[in-house]
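I opened this notebook to record what I looked up in one structure.

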Amino acid sequence: MKSDLNMAGAQLKVEKGLRTRSEQKEKEERTERIAMAAQLMAMAQDHARMEQHLKEADEVLERKWSDKMTEQKKLYDMRGNELGESHQTIAGLEGEIQALKQALNDHENGVLVSKNQTQELSQLKGEIIAAREKLKFEEERFRSVEKKYEQTVKELEAEIEQAEAERRRLHNIIQDLRGNVRVFARIRPFLPEDNCGDDPQPCVVQKFDKEIKLRLGKDEPWQHNFAFDSVFPPSSGQDVLFREASEFIQSAMDGYNVCLFSYGQTGSGKTHTMTGSGTGQMRGIIPRSIEEVGKTKAKLEREGWQYEMQVSYLEIYNEKIRDLLRDGKFDEVKHEVKVNKDGKRYVSNITMKKIDPNDMDVVESVIRQASMCRSVASTGMNSVSSRSHAIFTLHLTAIHPEKGEALRGQLNLVDLAGSERLSRSNASGDRARETVSINKSLSALTDVFAAIGRKGGHIPYRNSKLTYLLQPCLGGEGKTLMVVNLSPTDASSQESLCSLRFASHVNKCELGKAKRSIQEYAEEGDDDTKSVSSAATSSMKGGPSRRESVSSSATSSMERGPSRRENVTSSIPNPKRKVSSVSQPRKTPSSHRRTTSTATATTLKTRVSPRKNAPRRIDDDGRSVESNISSISVLSRDSRSTVSTIGSCSVSRSPTKRKPLQKLGTNNTLPSRNFATEKR
Ligand SMILES: Nc1ncnc2c1ncn2[C@@H]1O[C@H](COP(=O)(O)OP(=O)(O)O)[C@@H](O)[C@H]1O
Ligand SMILES: [Mg+2]
């Protein structure tokens, strides 16, 4: 009886589980359908607008063209008439010549030529000569007009070519100057639940290519203008946004710490941008990034690299960290952000899942598990709103046994909590406390960007878990991309303005950033960067920390320290890509690991030398700043070790390996300033 009851209970549990899963799947599909329909609608509107513009442009062009044609035709007709007249004159004169020749012949054939006739003849000959001259003159005039036209056409063509070359040159300069903090703004389409009627007018629209304008109400003027690195209108799909963001993903493969944030108020499209829905067109940055990493991995493996990848997924909720890849329903374990002996940041007791980026089933199951675990609660603004910051991290390690190089990259994809202010969400009690806590870490993020933007002084990374964990990406060592999501509704215009102002703050961080953050290590150095340097130093002196296999796929306690290979990859306090050597030439992967684990680490120090004759530009404060830095010298206290630099990418070599260094990967864009400004 009891066992029957147990069995029935178990069956009930299984059924309940199945029901929950099918409900979630149904919900996901509904969301995907809504998103797809909204984007299609926006595309149709765009299309109609573009068609109208095209029609108008066509009409104007047609008018201009027909005017020009009429004018040209008139000119040609005139020239044609002149030519016709000339031909007629020639024909007449030729006829006269013939007649005269005939007359002359007759004359010569024996008729007496009178004195008068001779005079007449010579007069006629004179007329013929004059007519011929006139004809020649007309022909020459016609030819010179023709030449002039040809010359004008050639000049115009050359001008067009020159303009195109200049455009390409400027484009390349802009590409060079694009820095390591970039900001994209994305406007979502209207959704049925916005209840904005049949022909809603957005309060925020794309203006030109990279600008955005906003008004605070339907009848208000377009008062606020912002410029960003990229602007995505409602009709831009997930693929379009990802194409722009993919170079950041590539950077993680090249050994950078990369961080992509999705920012905005609840309902503005943060989760849509980061995770998306389904496995098709509507999938977001996370699944697309892994796909991209999979493709690059396959390519680099053909070049001799060996990659290992692990993912972690956590959320920060009310300043508490929760593991989203945990096994149980509740996260019983306490997680803290810690710094290990190598100066590397990690979260204690977090699940690290080894993944093959080409196995999309595993990737999907990771995303599904995390989204089920994500903390959600109701507020007055949105029936189900995400109240936590979700951080998906892809940890990459790679070695190249032949080259004797190892690198480590990290890709953090962050779906931030809603940025709305407390008063709007009608939250109270626990919800109010929660909102304060969420806004606290968001304002800590703002403070960090503001401090970086001020170029110097203390940067308050420690004020929130979010900023402390992501410090390596934010502090000039890594690359940051902020996607600011905006809702088009009038009701959201105030929040959208706040989001756009925050985004401007972020963009301002780039002023002289590369130079400043590198010098921090060499000369000034704020508290936080010092702590990283010293942590790295002490660990290097102390040798590798405790052993742990990188390839372990199950839950691994990060508190125990990173893998042995991580210890060997020396944490050079270099603001650029970390690429470091392993100490033995050409080994099998396993023997390589054994060898690297015993390598003696070296205390390193960085110094930046500005490139000779480097182009200078003027910053917002009117100061002249270096637009580029050609080399970062890494000096070793251990004289046996040599360290070389190539451009912005530093590579250290052990004394046993002396072969020329090669630059790895493709992405070593130098950080520089951006241009986001709010113009009134
Ligand atoms: N660019 C977009 N195209 C189509 N639908 C979108 C877009 N951005 C957001 N949505 C839809 O809007 C709704 C809210 O988006 P969501 O990402 O959940 O907002 P947030 O995470 O900021 O609260 C979802 O139904 C989502 O599918
Ligand atoms: Mg969300």
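The entries below cover helix packing and the surroundings of a ligand.

**Entry 1: the model.** I note at the outset that the model is predicted.

**Entry 2: helix 3 and helix 5.** I first looked up how helix 3, residues 238–253, packs with helix 5. Their axes lie 9 Å apart, at an angle of about 50 degrees. The crossing of helix 3 past helix 5 is right-handed. On the helix 3 side I found Gln238, Asp239, Leu241, Phe242, Ser246, Ile249, Gln250 and Met253 in the contact. Helix 5 contributes Ile285, Arg288, Ser289, Glu292, Val293, Thr296, Lys297 and Leu300. Sorted by class, the residues of this contact are 7 nonpolar, 5 polar and 4 charged.

**Entry 3: helix 5 and helix 6.** I then turned to helix 5, residues 285–302, and helix 6, residues 360–373. Here the angle is about 150 degrees and the axes are 11 Å apart. Angles over 145 degrees count as roughly antiparallel, and I therefore describe helix 5 and helix 6 in that way. Helix 5 passes helix 6 in a right-handed crossing. Ile286, Pro287, Ile290 and Glu291 of helix 5 meet Met360, Val363 and Ile367 of helix 6.

**Entry 4: ligand 1.** How many residues surround ligand 1? I found 14, and the closest are Leu191, Gly267, Lys270, Thr271 and His272. I next looked up distances to oxygen atoms of the ligand. A polar side-chain atom of Thr271 is 2.8 Å from an oxygen atom of ligand 1. For Gly269, a polar backbone atom lies 3.1 Å from a ligand 1 oxygen. For Gln265, a backbone N or O atom is 3.5 Å from an oxygen atom of ligand 1.

Methods:
Residues are numbered from 1 along each chain as its sequence is written. Chains are lettered from A and ligands numbered from 1 in the order in which they are written. This is a predicted model: local features need pLDDT of at least 70, side-chain atom pairs count only at pLDDT 80 or more; totals for chains, interfaces and linings use all residues. Side-chain values use heavy atoms; hydrogens and water are left out. Axes are lines fitted to C-alpha atoms, for helices over the stretch in contact, and angles run from 0 to 180 degrees between N-to-C directions. Helices (H or I, at least four residues) and strands (E, at least two) are DSSP runs, numbered from the N terminus. Angles under 35 degrees count as roughly parallel, over 145 as roughly antiparallel, 65 to 115 as roughly perpendicular and the rest as oblique. A crossing is left-handed if the near helix is turned anticlockwise from the far one by less than a right angle, and right-handed if clockwise. Contact means heavy atoms within 4.5 Å. A residue is near a molecule or strand if one of its heavy atoms lies within 4 Å of it. A polar contact is a pair of N or O atoms within 3.5 Å; within protein, one must be able to donate a hydrogen and the other to accept it, and residues adjacent in sequence count only if both atoms are side-chain atoms. Ala, Val, Leu, Ile, Met, Phe, Trp, Tyr, Cys and Pro count as nonpolar, Asp, Glu, Lys and Arg as charged, and the others, Gly among them, as polar.
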